[in-house]
Amino acid sequence: MSASPAPAIEAEGLGRDYGSTRALGALGLVVPPGALVGLLGPNGAGKTTAMLLLATLLAPTRGSARIFGLDTRQRRTAVRRRLGLVFQETSVDGLLTVEENLRFAARLAGLGGQAARAAVARAMSDAGLGERRSQPARQLSGGWRRMVDVARATMHRPELLILDEPTVGLDPEHRERIWAILDAERRRHGTTILFSTHYLTEAEPADRVVLLAQGDVVADGPPADLRASVGGEVVEVDGPGAASLVSLLRDRGAVVSVRRTDRGLRAGLVPGRARPMELAAGVSGIERVAVRHSTLEDVYFTKTVAEAE
Amino acid sequence: MSALSTVHGIVARDLLRASRQTSRLLGGLVRPFMWLLLVGTGYSAIARLEGGGSYQAYVLPGIIVMAALFGGMLTAIATVYDREFGMLRLMLASPAGIPVVLAGRAAAATVVAVIQGGIVLACAPFVMPVSWPSAGAAAGALLLASAMSAMLGLLVAARLRSVENFAGVINVVLFPLLFASGALYPTAGMPPLLRALARVNPVTYSVDLVRHALGQAAEFPAATDTVVQLGVALAAFGLTALLFDPEQRLVGKPRPRA
């Protein structure tokens, strides 16, 4: 909606400690307006802390952040006016109906009278909540409650949406619905979206993925670049002879990364450098071998789990 | 505009919630009427009051304040539930900021307290003669008592960590405030220590102002009652703003609300 020249998000050395525990080290991040950015990482990696810091809900221990050029500590009110938030846990009042929940949210966003009514009606329509408008929220399934959260976060047309695991625990149908709403927000209004997820396929369409582990950024870039960084292809080798095959591949200069799983080894390869299927035929103790394109899951495991010997 | 809209939203939500919690609503009304009708009738039979009035008439101002005190404080303390179940997070993320959110909670609790105390006040003519000017003055006194109760409730909620402490608050905070206030018996007949406690208890001044309004003998000038209550309300709000930890429970996982 806005053609603000300032980045949507600018974080410099942003970090937060809880007592002696370092939750987020020093996040550096510049996100242009309209971008879709995924924040990935294991539980406790610092994703939620990063989002709460950017949303002005936590004070940083170190560093600074600006949202559309506005400092998150000094211009808190102005920053919040531009934000739409979905928290990791649903924020829906079970005693209120769907419409009353949204009307409450509209008031909190500073909308009153006709503007609030119009925003509520539009949000319910966009989220497919029209038939459930008079239903007490406690009667909704988890998926529909999450739809209320998303409708609430988008109803005032924020310029930046911060979504902490918006689809966690949802069935594919509701996940699809939520992403359809978010895609429409980006397409129609140029909304910038920062989201976290454990469903790594959801991060594939992102313009950029930031991978956190133990409070530090361990990978950052477009998904294609990240996938390439662990090897364009991945060979999955199971069985006691897995290490021998990987060793042969390594001798040919084909191995970019290796990680151990409960079933065997996963080696990222430079495409075309070696023929793992042919090599496997000459190695004993191979129970299964398969070659596939690398995914963000490979990036996730390779960057967040120590590389196999 | 944003501040007004936020306060409006919080008050409207709390009233909707209150209207749907029928057991809580009924409990809030049964308690004062039980005192007025059961305890009041029993005491009327045995108590000898100066001036020869009935005990029910004597205790009426205290019961009005009791209804407001419980309604206001318990609604304000319900902020702890909102913190526990994730709704407070939503309010704190609003552009209006923490003081406005707290003011919204206080306004909502005040409205609930005025409604609960107002229902008892509306029944006053069944207990004693009440003129329209007296009723108007009592309504003003009720509003002040309600606002003070709401602010005190917020102050308790500011540092209350979990809903498990909620029942304890009633026993440790609400009952002592009520029993050491002159709501149910004259403070003049209390032992010196209890009388001193009653003097520093802000609820004493709430009850006293309602007595003024309803034309009963009062202990302090009406101006003193008013100033003390305003002072306590403002001090409680200021302290709440200082003590309130906006980050509490932001990172921990709230429970899903039923």
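Select Leu163 of chain A and then Phe195 of chain A, its bridge partner in strand E8 of chain A, keeping in mind that what you see is a predicted model. Now widen the selection to strand E7 (residues 160–164) and strand E8 (residues 192–196) of chain A, which run parallel and are joined by five bridges.

Next, show the rest of the sheet to which these strands belong, an open sheet of six strands in chain A, whose order is E6-E7-E8-E3-E9-E10 and whose pairing is mixed. If you colour strand E6 (83–86) and strand E10 (216–221) of chain A, you will find them at the edges, and because each has a single partner strand, one side of each is left without a neighbour in the sheet. Looking along the sheet, you can follow how neighbouring strands are turned against each other by 15° on average, direction ignored.

Now colour chain A by its two domains, domain 1 (9–220) and domain 2 (226–304), whose C-alpha centres lie 37 Å apart. Where they touch, 11 residues come from domain 1 of chain A and eight residues from domain 2 of chain A. On the domain 1 side of this contact, strands E9 and E10 of chain A are the elements that give two or more residues, and E9 of chain A gives the most, with three. By class, the residues on that side of domain 1 of chain A are nine nonpolar, one polar and one charged.

Move on to chain B and select Met151 and Leu154 of chain B, which have the most contacts inside the largest nonpolar core, a set of 159 residues. Helix H3 of chain B (residues 55–77) contributes the largest share of this core, 16 residues. Domain 1 (9–220) and domain 2 (226–304) of chain A both give residues to this core, so it lies between them. Around Met151 of chain B, look for Ala106, Ala233, Ala236 and Phe237 of chain B, which it touches when residues up to four places away in sequence are not counted.

Finally, display the place where the chains meet, with 28 residues of chain B in contact with 28 residues of chain A. On the chain B side, helix H1 (2–20) and helix H5 (87–92) of chain B each supply at least two residues, and H1 of chain B gives the most, with nine residues. That side of chain B has 13 nonpolar, eight polar and seven charged residues.

Terms used: Residues numbered from 1 in each chain as written. Chains lettered and ligands numbered in written order. Predicted model: local features only at pLDDT ≥ 70, side-chain atom pairs only at ≥ 80, totals over all residues. Pairing = 2+ DSSP bridges. Helix = DSSP H or I, 4+ residues; strand = E, 2+ residues; numbered from the N terminus. Axes fitted to C-alpha atoms, helices over the stretch in contact; angles between N-to-C directions. Core = buried A, V, L, I, M, F, W, Y, C linked by C-beta atoms within 7 Å. Buried ≥ 20, exposed ≤ 12 C-beta atoms within 10 Å, placed from the backbone. Domains from an automatic or database assignment. Contact = placed C-beta atoms within 7 Å. Nonpolar A, V, L, I, M, F, W, Y, C, P; charged D, E, K, R; others polar.
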